[in-house]
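This report describes selected features of a protein model.

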Amino acid sequence: MSDVKPWDLFNPNQPRSDEELVEYRLGICKGCEFFKAKSQRCGKCGCFMSLKTLLKKAKCPVGKW
C-alpha cells in the first residue's frame, strides 16, 4: 500500500477512514513525540493530522499506524 498525497483529499475515489479509525489514529498521534499540538501537525511529515487520518490508505511516517 503506497502512501497518499495531500491532494488525494480532493479525490472522491480515494477511500476514506471511518470515524473510529480516525479517532484511533489521532489518539496515537496526540501521544507521539513528533506531534505538534498547537498546529495539530506531524513534526516528521508536516501533515495536518486531522486531515491525513481521513484518508484510509495514509500511513504514519514513523510506522505507528
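## Surroundings of Ser-17

When neighbours within four places in sequence are set aside, Ser-17 is in contact with Val-22, Arg-25, Thr-53, Leu-54, Leu-55 and Lys-56. The model examined here is a predicted one. Ser-17 belongs to the segment before helix 1, the helix that covers residues 19-30. With a relative accessible area of 12%, Ser-17 counts as buried, because the limit for that term is under 20%. The side chains of Ser-17 and Arg-25 are also joined by a polar contact of 3.5 Å.

## The nonpolar core

The largest nonpolar core consists of 12 residues: Val-4, Val-22, Leu-26, Cys-29, Cys-32, Phe-35, Cys-42, Met-49, Leu-55, Ala-58, Cys-60 and Trp-65. Helix 1 supplies the largest share of this core, namely 3 residues.

Met-49, one of the core residues, lies in helix 2. Its relative accessible area is 2%, and Met-49 is therefore classed as buried. Between Met-49 and Val-22 the C-alpha to C-alpha distance is 9.4 Å, although 27 residues separate the two in sequence. Ala-58, also a member of the core, is in contact with Asp-3, Val-4, Arg-25, Lys-52 and Trp-65, again leaving aside neighbours within four places in sequence.

## A nonpolar patch on the surface

Nonpolar side chains are also found on the surface, where Phe-48, Leu-51 and Leu-54 form a patch. Together these residues have about 240 Å² of accessible area. Leu-54 is located in the segment after helix 2, which spans residues 49-52. Leu-54 is partly exposed, with a relative accessible area of 33%. Leu-54 is also among the residues in contact with Ser-17.

## The salt bridge

Side chains of opposite charge can pair when their charged atoms come close. The structure holds 1 salt bridge. It is formed by Lys-64 and Glu-33, whose closest N and O atoms are 3.0 Å apart. Lys-64 lies in the segment after helix 2, and Glu-33 in the loop between helix 1 and strand 1 (35-36), so the pair ties together parts that are 31 residues apart in sequence.

How exposed are the two partners, Lys-64 and Glu-33? Lys-64 is partly exposed, with a relative accessible area of 33%, whereas Glu-33 is exposed, with a value of 56%.

Terms used. Residues numbered from 1 in each chain as written. Predicted model: local features only at pLDDT ≥ 70, side-chain atom pairs only at ≥ 80, totals over all residues. Heavy atoms only, no water. Patch = residues over 30% accessible without salt bridge, like charges linked within 9 Å, V, L, I, M, F, W, Y side chains within 5 Å. Areas by Shrake-Rupley, 256 points an atom, 1.4 Å probe, with all protein chains shown as cover. Salt bridge = Lys/Arg side-chain N within 4 Å of Asp/Glu carboxyl O. Helix = DSSP H or I, 4+ residues; strand = E, 2+ residues; numbered from the N terminus. Buried < 20%, exposed > 50% of the residue type's maximum accessible area, 1.4 Å probe, protein only. Polar contact = N/O pair within 3.5 Å; in protein donor to acceptor, adjacent residues only side chain to side chain. Contact = heavy atoms within 4.5 Å. Core = buried A, V, L, I, M, F, W, Y, C linked by side-chain atoms within 4.5 Å.
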